[in-house]
Amino acid sequence: MSATTAPVWTKTRQQPGALARLFDNKAFLIIVCLAPAVGLLMTFLTYPLGLGIWLAFTDTTIGRPGIWVGIENFEFLMEDPIFLNSVFYSVFYTAVATFGKFGLGLWLALLLNQHLPMKSLLRAIILLPWIVPTVLSAIAFWWIYDPQFSIISYLSMKMGLTEGPIDFINTAWPARWSLIFANIWRGIPFVAISLLAGLQTISPSLYEAALLDGATPWQRFRHITFPMLMPILAIVMTFSIIFTFTDFQLVYAITRGGPVNSTHLMATLAFQRGIPGGQLGEGAAIAVAMIPFLVFATLFSYFGLARRKWQQGESND
Amino acid sequence: MATVSVRQAKKVFGSTKILHGVDVEIADGEFVVLVGPSGCGKSTLLRMIAGLENISGGEIAIGGRVVNNVPPKDRDIAMVFQNYALYPHMTVRENMAFSMKLAKAPADVMEEEVKRAAKILGLDALLDRYPRQLSGGQRQRVAMGRAIVRHPQVFLFDEPLSNLDAKLRVQMRSEIKELQQRLATTTIYVTHDQIEAMTMADQIVVMNGGRIEQAGAPLALYDRPANLFVAGFIGSPAMNLLPGRVADGGFRTDGGALLPLPPGANAQAATYGIRPEHLMLADDGVEGTIVLVEPTGSETQVTLRIGETQIIGAFRERVQGRPGDLLRVAPDLSLVHLFGPDGNRLP
């Protein structure tokens with residue numbers, strides 16, 4: 001008997017090359033994939049922030065590298081009335097402007113949420129103040145507030161409401177309020193459109209149910225709209241507070257911190273001291289002093305307002 | 001508890017007519033189901049009764065009082081919405097107590113009412129949960145609880161079971177029916193599901209295209225449908241409706257089948273209607289070819305082709321045929337429905 005055995009062929013496992021094995025290595029892959037992002041963040045976020053913080057603890061001026069002076073800059077600032085005034089005005093500016101923006105923005109959002117003719121056109125118009133570059137609108141307000149050529153002064157004199165031009169930005173308090181007004185004007189679209197988006201997520205049947213339950217319009221707002229809007233309100237408010245507290249363009253374009261430093265925000269004062277004034281260390285210290293305020297505002301609105309039990313589902317305990 | 005009268009109610013959205021003058025009389029404590037295909041105006045009619053839509057014409061009276069210009073909260077009604085419309089930021093207790101809270105009821109009364117409703121609906125253990133933490137059926141019950149605590153004159157239900165799965169739907173169907181019988185509150189219930197309508201209603205109002213096709217007791221609609229629409233809508237599987245004419249000593253369908261007519265049948269008949277369950281297996285019946293056999297256990301549904309006409313039969317017997325086999329069936333002549341050329345039932 002002749003047995004013929006079929007030729008047996010076994011595939012030889014090819015050993016992967018060194019490069020292929022390297023790319024199969026999870027740790028290596030993670031590093032390779034993360035490197036570009038980390039690099040960008042380090043270069044453009046961490047380094048400037050770190051440099052700013054480091055500068056705050058030195059006596060660097062333009063043209064002269066500084067030496068480490070510890071908290072000397074801060075000690076000096078604590079006794080500097082101009083700095084203390086800018087802290088006061090920053091907080092005041094943020095508080096009043098945020099209040100105004102949310103009051104008016106919410107009102108506008110509620111109006112836009114109704115069935116209005118030409119609704120989408122109106123919504124587009126509402127966005128205009130936000131689309132225009134801030135410096136442009138700041139210059140427009142500068143004209144509006146101009147001591148001689150102000151249109152408001154002109155109209156009120158024409159109508160006989162005032163005898164002479166209105167003082168908008170030439171004394172401390174009128175200037176402060178004028179800037180706050182300009183900031184509110186500019187901030188409303190962001191608030192209104194964000195809150196409108198929030199309002200539109202509320203199911204109309206909830207209002208119908210409340211209507212049948214006997215709720216008045218105010219009660220519907222108080223018990224349905226407001227609590228349902230709370231999460232988005234918290235997020236929008238966090239952003240708004242950050243943007244307002246760090247505002248620079250409006251103030252710098254309209255008053256440059258004047259008259260007599262009365263309208264300096266911390267951001268404008270930091271710039272004023274650091275760049276035109278040349279005191280880089282001191283300017284950086286003012287900027288660093290803003291951080292605790294921002295962290296506090298963020299934590300407050302995020303944890304104080306954002307998460308609610310009813311949003312989370314799952315277990316109640 | 002109250003009667004509800006809808007007299008010549010009309011609804012117009014812009015140039016679109018939704019309701020063309022609808023009349024419904026609902027007796028005290030009655031369970032009325034408005035049923036029809038989507039877009040027939042049944043939900044609109046319910047919302048008009050609730051006061052969520054204004055009334056373009058005619059009038060609606062609740063308990064003898066015309067409510068055309070009465071705001072929803074003063075109509076003494078409670079409504080259960082399709083998506084339940086529970087307030088997501090309130091617990092079950094707060095949801096149920098909301099209407100009383102708005103009416104500034106004393107706390108102990110509120111608590112007692114909520115407890116009572118929770119007990120009726122089996123929600124006692126869930127009072128401190130948020131709607132998110134509830135299953136579909138539990139949310140449904142909370143929505144009903146919110147209606148119950150108000151002791152309304154009329155309950156309105158807008159497709160309340162359509163978001164539930166099939167099994168739960170059957171269970172909630174009997175729960176709602178039982179609850180209504182216990183509370184004896186006038187109830188108007190909207191659905192597109194004719195089985196819900198048949199099983200729950202004291203009176204069914206079949207609507208189509210903004211008009212009422214027929215109103216009456218479920219079995220009356222089943223036994224004597226007034227027109228082709230009702231005949232095709234009520235009953236599952238649907239009635240066989242075969243167009244044709246009276247000829248050759250019987251009814252000749254357009255497909256060529258010759259079906260027997262009851263004695264004294266109207267010669268004007270243009271459509272022959274026979275329900276699947278009223279076809280019988282008979283050796284002397286009409287011969288057809290089996291197209292499909294669908295056994296459900298309790299009965300067997302068979303699709304037959306007679307000439308070019310397809311008809312469906314439902315038999316208690318277990319039909320053992322295969323597609324292509326021949327089967328002889330005969331209609332129960334006392335249960336044949338004949339419709340005239342205008343689609344209305346012939347006497």
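1. A pocket, as the word is used in this note, is an open set of grid points with protein on both sides within 12 Å along at least five of seven lines, and its lining residues are those with an atom within 4 Å of a point. The model discussed here is predicted.

2. With that definition in hand, the second largest pocket is lined by 20 residues, and those nearest its centre are A:Leu206, A:Met228, B:Leu86, B:Pro88 and B:Arg132. The elements that contribute two or more residues to this lining are helix 9, helix 10 and helix 14 (309-312) of chain A, and helix 10 of chain A provides the largest share, namely four residues. The space in the second largest pocket comes to about 440 Å³, and its lining comprises 12 nonpolar, six polar and two charged residues.

3. The largest pocket has a volume of about 580 Å³. Its lining counts 17 residues, of which A:Asn113, A:Gln114, A:His115, A:Pro204 and A:Tyr207 are the closest to the centre. At least two lining residues come from each of helix 8 (172-200), helix 9 (204-212) and helix 10 (217-245) of chain A. Sorted by class, the lining of the largest pocket holds eight nonpolar, six polar and three charged residues.

4. Turning to the backbone, a reader checking the geometry of chain B may wish to look at the peptide bond from B:Ser236 to B:Pro237, which is cis, with omega near -5°. B:Pro237 is placed in the loop that runs between helix 8 (228-233) and strand 11 (240-247) of chain B.

5. Two residues of chain B other than glycine also deserve a look for their phi values. B:Gln8 has a positive phi, near 50°, although its place is within strand 1 (residues 4-13) of chain B. Is B:Gln8 buried or exposed, or does it fall in between? With a relative accessible area of 38%, B:Gln8 is partly exposed, because that value lies between the 20% under which a residue counts as buried and the 50% over which it counts as exposed.

6. For B:Ala85, phi is likewise positive and near 50°, and this residue sits in the loop between strand 6 (77-80) and helix 2 (92-102) of chain B. The relative accessible area of B:Ala85 is 3%, so this residue is buried.

Conventions: Residues are numbered from 1 along each chain as its sequence is written. Chains are lettered from A and ligands numbered from 1 in the order in which they are written. This is a predicted model: local features need pLDDT of at least 70, side-chain atom pairs count only at pLDDT 80 or more; totals for chains, interfaces and linings use all residues. Side-chain values use heavy atoms; hydrogens and water are left out. Buried means under 20% relative accessible area, exposed over 50%, partly exposed in between (1.4 Å probe, protein chains only). On a 1 Å grid over the protein atoms alone, a cavity is a set of points where a 1.4 Å probe fits but cannot get out, and a pocket is an open set with protein on both sides within 12 Å along at least five of seven lines; lining residues have an atom within 4 Å of a point. Grid points are joined across faces, edges and corners, and a volume is the space filled by probe spheres set on the points. Ala, Val, Leu, Ile, Met, Phe, Trp, Tyr, Cys and Pro count as nonpolar, Asp, Glu, Lys and Arg as charged, and the others, Gly among them, as polar.
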